[in-house]
Amino acid sequence: CQLACLPPLPRTLRLPAGSWRLSSGAPLATQKSAGGGEWAQLPGIHGVGGLVLRRLPRGSGDPGPARAIEHPVTVRRLPRAAGGETWRLSNGLVAVTLGPTGVEELWDDQGRQLLAGPLRWTRSVDRGAFWDAWDLADDYGDHPLPWIWDGEPQWVEQGPLCVQMLWRGRCGESPVRLAGRLLAGSPWFELVLRVDWRQRHEVLRLTVPLASPACRWAADTPAGVIERPAIPRTPRELARWEVAAVSWVASVQGARGEGLALLLDGPQGVSAGPETLGVSLLREIGRAHV
């Protein structure tokens, strides 16, 4: 179902195992998922509406030719100037380069480079100034701690509907697992970080270096959207360097309002400057599994 008035864009979803077809009997293009079930691409829905799907046992009858995949994912292996290899993932809507340091480059559908360098995953000591959950210590960046990755990212699945890599590491005594995924027809690259949190008074953050300087940045709030200057100047602006966002934060570049957006899976602390976007991924004074 689609509950928003959106254009008819294809969606690639993970469904239970089986032979999936539309109500008309036309089979869907599928790919086995490493996590179980099937990746399947559904045709776009125009506006508010729904699709009726049928699931049959595998091998039941002659399904006929499957629907053509829209914006399939391709993978290319590229040599590095300093030795080793990188991998270029693309579906025509977004392109990503993966290397020994993780996500190293990102392009939009016009071929514009969006990152000035690899994504930075950081861990710092954070005691906070008061008690508030979003109250990060303003000097946490001066107290970095090691974040250790176990080798290079490993491939989990490669196919025209889904390409996924997995990177494991440790933050102190806390094991971490980062999955990066690109789906056919998707205009974004997904990152899923799982942490068995065993630290105290620490903060994990993601910093995104921007290829083009931002003049301002925006984030959503329960009441709408708030924009802020990329370079704070007044005492009020300087005091609000970390704010709570509900589901996204974006840089804004130039009069046309172009930039890079980060879509979040829930409320997070975010910050930005002319050259970076940042998200506070995890901050706990106790123990948690996230």
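Predicted model: local features only at pLDDT ≥ 70, side-chain atom pairs only at ≥ 80, totals over all residues.
**Stop 1: two histidines with positive phi**

Select His71. Its phi is positive, about 50°, although the residue is not a glycine. To place His71 in the fold, show the strands β5 (53-56) and β6 (74-79); the residue is in the loop between them. At 36% relative accessibility, His71 counts as partly exposed, because the value falls between the 20% and 50% cut-offs.

Now go to His201. Here too phi is positive in a residue other than glycine, with a value near 55°.

**Stop 2: Gln41**

Select Gln41 in strand β4, which runs over residues 38-42. Is this side chain buried or exposed? Gln41 is buried, with a relative accessible area of 6%.

A polar atom of the Gln41 side chain lies 2.8 Å from the backbone nitrogen of Glu70.

Next, display what surrounds Gln41, leaving out neighbours within four places in sequence. The contacts come from several stretches of the chain:

- Pro10, Arg11 and Thr12 are among them.
- Leu28 and Ala29 also touch Gln41.
- Ala68, Ile69 and Glu70 are in contact with Gln41 as well.
- Leu161, Ala184 and Gly185 complete the list.

**Stop 3: salt bridges**

The model contains nine salt bridges. Side chains of opposite charge can pair when their charged atoms come close. Three of the pairs are visited here.

Begin with Asp108 and Arg112, whose side chains meet at an N to O distance of 2.7 Å. Asp108 is buried, at 18% relative accessible area, whereas Arg112, at 37%, counts as partly exposed. Which residues does the network of salt bridges link? Asp108, Arg112 and Glu258 are joined in it.

Move on to Asp196 and Arg198. Their closest N and O atoms are 2.8 Å apart, and the two form a salt bridge. Arg198 is partly exposed at 40% relative accessibility, and Asp196 is partly exposed too, with a relative accessible area of 24%.

The last pair is Arg216 and Glu227, a salt bridge with closest N and O atoms 2.7 Å apart. This pair links distant parts of the chain, 11 residues apart: Arg216 belongs to strand β18 (residues 216-221) and Glu227 to strand β19 (residues 224-229). Both ends are partly exposed, with Arg216 at 30% relative accessibility and Glu227 at a relative accessible area of 48%.

**Stop 4: cysteines**

Finish by selecting the cysteines and showing their sulfur atoms. A disulfide is a covalent bond between the sulfur atoms of two cysteines. How many disulfides does the structure hold? The count is zero.

Cys5 shows the spacing: the nearest cysteine sulfur belongs to Cys1 and is 14 Å away, and Cys5 is in no disulfide. A pair would count as a disulfide with its sulfur atoms within 2.5 Å. Cys5 is exposed, with a relative accessible area of 71%. Select Cys215 as well; this cysteine is partly exposed, at 41% relative accessible area.

Conventions: Residues numbered from 1 in each chain as written. Heavy atoms only, no water. Helix = DSSP H or I, 4+ residues; strand = E, 2+ residues; numbered from the N terminus. Buried < 20%, exposed > 50% of the residue type's maximum accessible area, 1.4 Å probe, protein only. Polar contact = N/O pair within 3.5 Å; in protein donor to acceptor, adjacent residues only side chain to side chain. Contact = heavy atoms within 4.5 Å. Salt bridge = Lys/Arg side-chain N within 4 Å of Asp/Glu carboxyl O.
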